[in-house]
Amino acid sequence: MPPVFLNQLGLVCALGSGKQEVTRALFADTVSGVASHEGFADRPLHLGVVTSPLAAQDALPPSQHSRNNALLLTALEQIRPAVDAAIARFGRARVAVVLGTSTSGIGESERAIAGHLATGELPSRFHLHQQELGSPALALTQLLGLGGPAYVISTACSSSAKALASAARLLRSGTVDAVLTGGVDSLCRFTVAGFRALDSVSEERCNPMSAHRHGINIGEAAALFLMTREPGPVRLSGWGESSDAHHISAPEPGGKGAMAAIQEALKRAGVSAEQVDYVNLHGTATVQNDAMESRAVHTLLGPAVKASSTKPLTGHTLGAAGALEAAFAYLTLVDNPEGHLPAHFWDGAVDPSLPALSLVKPGEALGRPVQRVLSNSFAFGGSNAALVLERA
């Protein structure tokens, strides 16, 4: 089957906007990004809020105006010239859009409902279509005048990792010649309240793999790739997907579903576990996820492979997490001759019940270019996805 490549990357998250700004923060020796914010709960919480200026939505109809789509357009602006060139080269009908999201425009609905409770009327700017899960794909398709397949995958925290896998299948089948793929999610009170109801939210910066871990930070982000069969800086060489069928919100404790996804990704990439240089962990800092994932990674890749969770930097960006962490893999693989790795920021309190992992220390580097990265995404309902990305 023909290989597929990530030719361009645009991104925005709590670490900043664009490859250069995010790269500096991602490989810094000090932790940034997640901070205490008000307005999303009845008390301040540590959240991964995007504070960078966002793109204007003037070119979108009012029914598609949302913070979610503003984040997406911010990522698009960074790669727009290359996207326009691909459309001119392949034709509008040969370019697809495949994205992952979970919140879409729920935040706009929250504010509209609050307005209705206060005044008895919905705000004139509110449209129900703003919260449709398909809104991000529709926005890009209409803005760019595309005629290829366009859809959104919403499987909670594995959404955009699965979107990248789906985009690769479209390309390898010959259905299209280019895909705009990735993920986007925006913060809203609904999401924060939902995770708090599960006792899964930390009021401080999250502490993955620590004996003192007690929950996640929620975040927001957009990461958008131009994926084609034309050679580019990073190859998406493998992906694996599985379903635990175990519990609606808890992972299968033995890590069977996670291991199945990782094994499929490695097999499709044609690489052994020993050839993986770095693992970007799902690493949510919940008791159950970290226990399951550390067991899966230790069993399949051993205790020596370098690994870290980047969620203390960005928060858990839910439907955008798979694409955002694939973006971090991209930044780790490209223009990084010393092989700097994203650090695992935590308190260092080892949990003796967890299998040992080689967690990346601040400033740590391989001393050579990173060749392969494994990125894990595990979602509610046991929806698991793993990606293998290689330096091309």
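This is a predicted model: local features need pLDDT of at least 70, side-chain atom pairs count only at pLDDT 80 or more; totals for chains, interfaces and linings use all residues.
Local features need pLDDT of at least 70, side-chain atom pairs count only at pLDDT 80 or more, and totals for chains, interfaces and linings use all residues. Residues are numbered from 1 along each chain as its sequence is written, and side-chain values use heavy atoms, with hydrogens and water left out.

**View 1. Strand 14 and its two partners.** Strand 14 covers residues 383–391; strands (E, at least two residues) and helices (H or I, at least four) are DSSP runs, numbered from the N terminus. Of its 9 residues, 8 are buried, meaning under 20% relative accessible area with a 1.4 Å probe and protein chains only. Strand 9 (residues 234–243) pairs with strand 14 in the antiparallel sense over 9 bridges; pairing requires at least two DSSP bridges between two strands. Here E241 stands opposite A385. Strand 13 (residues 372–379) also runs antiparallel to strand 14, joined by 8 bridges, and L374 has V388 as its bridge partner. The hairpin of strands 13 and 14 has 3 residues between the strands, and G381 takes a positive phi near 75 degrees there.

**View 2. The largest nonpolar core.** A nonpolar core is a set of buried Ala, Val, Leu, Ile, Met, Phe, Trp, Tyr and Cys residues joined through side-chain atoms within 4.5 Å. The largest one has 52 residues, of which M227, L236, F328 and L389 touch the most other members. Elements that each supply at least two residues include strand 8 (221–228), strand 9 and strand 14. Helix 10 gives the most, with 9 residues. Apart from neighbours within four places in sequence, L236 is in contact (heavy atoms within 4.5 Å) with V4, L164, A168, M227, L387, V388 and L389.

**View 3. Helix 8 and its cover.** Helix 8 (residues 287–301) has 15 residues and reaches 21 Å from its first C-alpha to its last. That is close to the expected 21 Å, which is 1.5 Å times one less than the number of residues. Its buried residues include M292, V297, L300 and L301. Helix 7 (256–269), strand 10 (278–280) and strand 13 are among what covers the buried residues of helix 8. Just after helix 8, G302 takes a positive phi of about 85 degrees.

**View 4. E220 in a loop.** E220 lies in the loop between helix 6 (189–197) and strand 8. E220 counts as buried because its relative accessible area is 1%. Its side chain makes a polar contact with the side chain of R67 (2.7 Å); such a contact is a pair of N or O atoms within 3.5 Å, and within protein one must be able to donate a hydrogen and the other to accept it, while residues adjacent in sequence count only if both atoms are side-chain atoms. Not counting residues up to four places away in sequence, E220 touches residues including C13, V50, D185 and T314.

Methods
Buried means under 20% relative accessible area, exposed over 50%, partly exposed in between (1.4 Å probe, protein chains only).
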